[in-house]
Amino acid sequence: MPPLSKSVLKEAMTRVIRGMHRLEISVNEDTPASIISMDVWDWSQGVGLFSLYRYYEETGDSNMLFYLNDWFRTRVQEGLPERNINTMCPLLTLSFLYERTGDEEALRLCSEWVDYAVRKLPRTPEGGIAHTAADSPNEGELWDDTLYMTVLLIGRMGMLLKRDDYVQESIRQFLVHLKYLTDVRTGLFFHGWSFKERHHFAHALWGRGNAWYTAGLVDYLDMVQLPEGVRQFLLTSLGRQIDALAELQAESGLWHTLLDDPSSYEETSASAGFAYGILKAVRMGYTDPSRRDIGLRALEAVIGQIDDGGAVHGVSYGTRMGRTQQFYKDIPQCPMPYGQSMTLLLLVESLMHAD
């Protein structure tokens, strides 16, 4: 499949960014704070901020740098939320902004929060970080979301502060999560594991949860210098996941929200995350070049989900741990910051593959 032109990709990026700034709450939210509005400090917005920073890195758009700095300044003035897995996520972007601006207050904030993450967030057996959220401690539970929302930050700050203990902690978290969340039959990942109940909840091979690994790992490898044995272990896990995704990609180019269940709806944010991770993995030499066509097919399908106002459709709302597979099928769909974000990350990466 031939790549799209840079002009098409840049126009799509402009629309997606515009859409991110204009997101409206169109469903009844069941969270303590909105995960749709960009004017809130939480995981959904944190994922969005990271893609905007990657866009700034690629384009040098000074207006975007101003927006990001202003976003953090405004949220700090409003008062920050309690520290948990999800509220750690915005700090990843702030750590990169610190390198651009030299703002010592940004460094102090990142340092305090990552220290809390490493020393005080609740743990599961074997030292995993429990997926503590604002509305539930999720005691003894490992979720694949945790890798993206908190563990990337721990590894990143380990490198920034020259703290090898943080780097080693990020490695341990990847290994513990993969140990308990990998479906050895397929190479895909279950949404969660309970040490208390000794099961994988609904045994759901949830799309976006898997995409947190695909998209997160290729960036983690950029951020953190790893021992070669660990690096190869993570890459072989990625390779097996991509092999499975190649078999499960729908005719449209997207993937289903339950990856192995064609009766579940096709979901855009996971598909964008997969395509981003696959295309970057091809470019970095992490996977076979033949996999590029999978990413390009998904790219074309994801672009088809962007409306004239820049909203990305077909995105499932924030998803708690499900006890049945039907739970995942019933999650409503609406434009979300992480849908915009994964799409923007994909579009930025696609510039490297364009004609």
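View 1. Glu126 is partly exposed because its relative accessible area is 41% (buried means under 20% relative accessible area, exposed over 50%, partly exposed in between, with a 1.4 Å probe and protein chains only). The model is predicted: local features need pLDDT of at least 70, side-chain atom pairs count only at pLDDT 80 or more, and totals for chains, interfaces and linings use all residues. Residues are numbered from 1 along each chain as its sequence is written, and side-chain values use heavy atoms, with hydrogens and water left out. Glu126 sits in the loop between helix 5 and strand 1 (141–143) (helices, H or I with at least four residues, and strands, E with at least two, are DSSP runs numbered from the N terminus). Although Glu126 is not a glycine, its phi is positive, at about 70°.

View 2. With a relative accessible area of 9%, Phe201 is buried.

**View 3. The largest pocket.** Rolling a probe the size of a water molecule over the atoms shows where empty space is left. The largest pocket has a volume of about 600 Å³. Among its 33 lining residues, Asp42, Asn86, Ala133, Ala134 and Asp135 are the closest to the centre. A pocket is found on a 1 Å grid over the protein atoms alone, as an open set of points where a 1.4 Å probe fits, with protein on both sides within 12 Å along at least five of seven lines; lining residues have an atom within 4 Å of a point. Grid points are joined across faces, edges and corners, and the volume is the space filled by probe spheres set on the points. The lining of the largest pocket has 15 nonpolar, ten polar and eight charged residues (Ala, Val, Leu, Ile, Met, Phe, Trp, Tyr, Cys and Pro count as nonpolar, Asp, Glu, Lys and Arg as charged, and the others, Gly among them, as polar).

**View 4. The second largest pocket.** The volume here is about 260 Å³. Residues that line the second largest pocket include Asn69, Phe72, Arg73, Leu94, Tyr98 and Leu109. Helix 3 (62–78), helix 4 (90–101) and helix 5 (104–119) each give two or more residues to this lining. Its classes are seven nonpolar, two polar and three charged residues.

**View 5. Helix 4 against helix 5.** Two packed helices are described by the angle between their axes and the distance between the axes. For helix 4 and helix 5 the angle is about 145° and the axes are 9 Å apart (axes are lines fitted to C-alpha atoms, for helices over the stretch in contact, and angles run from 0 to 180 degrees between N-to-C directions). The crossing of helix 4 and helix 5 is left-handed, meaning that the near helix is turned anticlockwise from the far one by less than a right angle. Helix 4 contributes Leu91, Leu94, Ser95 and Tyr98 to the contact, and helix 5 contributes Glu104, Ala106, Leu107, Leu109, Cys110 and Trp113 (contact means heavy atoms within 4.5 Å). By class, the residues of this contact are eight nonpolar, one polar and one charged.

**View 6. Helix 7 against helix 9.** The axes of helix 7 (residues 164–181) and helix 9 (residues 228–248) come within 11 Å and cross at roughly 40°. This crossing is left-handed. Ile171, Phe174, Leu175 and Leu178 of helix 7 meet Val230, Phe233, Leu234 and Ser237 of helix 9. The contact has seven nonpolar residues, one polar and no charged.

**View 7. Thr150 in helix 6.** Helix 6 spans residues 145–160 and holds Thr150. Thr150 counts as buried because its relative accessibility is 0%. Not counting residues up to four places away in sequence, Thr150 touches Ile85, Met88, Ala117 and Leu121.

**View 8. Ser350 and Leu9.** Ser350 belongs to helix 13 (residues 337–350) and is buried, at 2% relative accessibility. Ser350 and Leu9 are 341 residues apart along the chain, and their C-alpha atoms are separated by 7.5 Å. Leaving out residues up to four places away in sequence, Ser350 touches Leu9, Leu279 and Leu299.

**View 9. Leu23 between helix 1 and helix 2.** Leu23 lies in the loop between helix 1 (6–21) and helix 2 (43–59). Its relative accessible area is 15%, so Leu23 is buried. Setting aside neighbours within four places in sequence, Leu23 is in contact with Ile36, Pro335, Met336, Pro337 and Gln340.
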